[in-house]
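Please describe how the elements of this two-chain model pack together, and state the criteria behind each term.

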Amino acid sequence: MADKVLDAKGLNCPLPILKAKKALKDVTEGGTLEILATDPGAVADFQAFCRTTGNELVEHSEEGGVYKFLIRKT
Amino acid sequence: MSEETGGNAIDPNTMSIIVTKGSLDWAYPPFILSTTAAAMGLDVTMFFTFYGLPLLLKKMDLKVTPLGNAAMKMPMMGGHMVMPNIVAAIPGVDAMASKMMKNLIKKNGVASIEELRDLAVEADVRMIGCQMTMDLFDYQKDEMIDGIEVGGAATYIEVATKSHINLFI
């Protein structure tokens with residue numbers, strides 16, 4: 001269970017990233033943020049976001065058109 | 001990680017953008033990139049000049065025109081439609097095209113420019129309005145949003161010499 005969940009479904013680039021960045025502020029170091037999104041571009045973007053910011057993309061999956069990302073704040 | 005330029009190390013996490021276009025469509029790339037870069041930890045500066053300057057006005061009224069824009073293909077009735085210039089030149093067509101674009105933006109969950117600009121301000125993106133453009137087109141600083149700076153080419157160049165990524169849009 002993630003420490004915080006962000007519903008970014010229906011939002012397009014770059015809003016899921018911008019809202020995730022904001023949501024991460026409420027997560028303590030080592031804590032996790034789960035993001036739900038429907039933007040297919042978010043798959044590549046969250047990987048790039050995590051590589052650049054140093055946060056860990058623990059896992060990502062897709063089910064029924066909804067993408068789920070789990071990010072651990074570092 | 002850093003590059004040496006004249007003995008000064010450039011922080012890789014820095015970006016500047018010269019914003020020269022202020023139509024509804026062209027306003028997107030600079031604000032999308034600046035907000036995203038800021039979210040990824042970069043220090044971002046935007047320099048608004050010529051037709052980009054009105055993007056700093058408190059009240060924006062952004063429009064798009066299909067006139068002379070052969071690449072603007074609007075989704076319509078299952079296909080894509082390019083408007084002939086002779087139609088695009090008719091009064092009212094720009095307003096209609098702008099409305100269509102705004103509907104598409106909303107329908108697709110794309111942020112409005114106002115929203116992206118607010119997010120840029122919130123993310124401490126540094127915004128500089130071009131003094132010469134303000135003089136040229138008669139804009140006053142009190143018509144612009146709070147927190148912006150006003151400067152000229154030298155102000156931008158100083159920023160650019162310290163930025164790893166420099167874009168012109």
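Which residues in α1(B) meet which residues in α4(B)? On the α1(B) side they are B:Tyr28, B:Phe31, B:Ile32, B:Ser34, B:Thr35 and B:Ala38, and on the α4(B) side B:Ile113, B:Leu116, B:Arg117, B:Leu119 and B:Ala120, where a contact requires C-beta atoms, placed from the backbone, to lie within 7 Å. The residues of this contact divide into eight nonpolar, two polar and one charged; Ala, Val, Leu, Ile, Met, Phe, Trp, Tyr, Cys and Pro count as nonpolar, Asp, Glu, Lys and Arg as charged, and the others, Gly among them, as polar.

The model is predicted, and local features need pLDDT of at least 70, side-chain atom pairs count only at pLDDT 80 or more, while totals for chains, interfaces and linings use all residues. Residues are numbered from 1 along each chain as its sequence is written, and chains are lettered from A and ligands numbered from 1 in the order in which they are written.

Two packed helices are described by the angle between their axes and the distance between the axes. For α1(B) and α4(B), the latter spanning residues 113–122, the angle is about 35° and the axes are 9 Å apart; axes are lines fitted to C-alpha atoms, for helices over the stretch in contact, and angles run from 0 to 180 degrees between N-to-C directions. The crossing of α1(B) past α4(B) is left-handed, a term that applies if the near helix is turned anticlockwise from the far one by less than a right angle.

Chain B comes to six helices and nine strands, taken as DSSP runs (H or I, at least four residues, for helices; E, at least two, for strands) numbered from the N terminus. Five of its strands form an open sheet with parallel pairing in the order β8-β7-β4-β3-β9, pairing being assigned if DSSP finds at least two bridges between two strands. Its edge strands are β8 (149–151) and β9 (165–168) of chain B. Within this sheet, β4(B) and β7(B) pair over four bridges, and B:Met127 is the bridge partner of B:Met46.

Chain A contributes an open sheet of four strands with mixed pairing, in the order β1-β2-β4-β3, of which β3(A) and β4(A) pair in the antiparallel sense over seven bridges.

| Helix | Strands touched | Direction angle |
|---|---|---|
| α6(B), residues 153–161 | β3, β4, β7, β8 and β9 of chain B | about 150° with β3(B) |
| α1(A), residues 15–24 | β1 and β2 of chain A | about 160° with β1(A) |
| α2(A), residues 42–53 | β2, β3 and β4 of chain A | about 175° with β3(A) |

The largest nonpolar core has 49 residues, and among those touching the most other members are A:Ile35, B:Ala38 and B:Met46. Such a core is a set of buried Ala, Val, Leu, Ile, Met, Phe, Trp, Tyr and Cys residues joined through C-beta atoms within 7 Å, and a residue is buried if 20 or more other C-beta atoms lie within 10 Å of its own. Not counting residues up to four places away in sequence, B:Met46 touches B:Ile17, B:Val19, B:Pro30, B:Ser34, B:Val125 and B:Met127. Buried residues make up 28% of the 169 residues in chain B.

Between the chains, 11 residues of chain B are in contact with 11 residues of chain A. The largest share of the chain B side, four residues, comes from α1(B), and that side divides into six nonpolar, five polar and no charged residues.

Notes. Buried ≥ 20, exposed ≤ 12 C-beta atoms within 10 Å, placed from the backbone. Contact = placed C-beta atoms within 7 Å.
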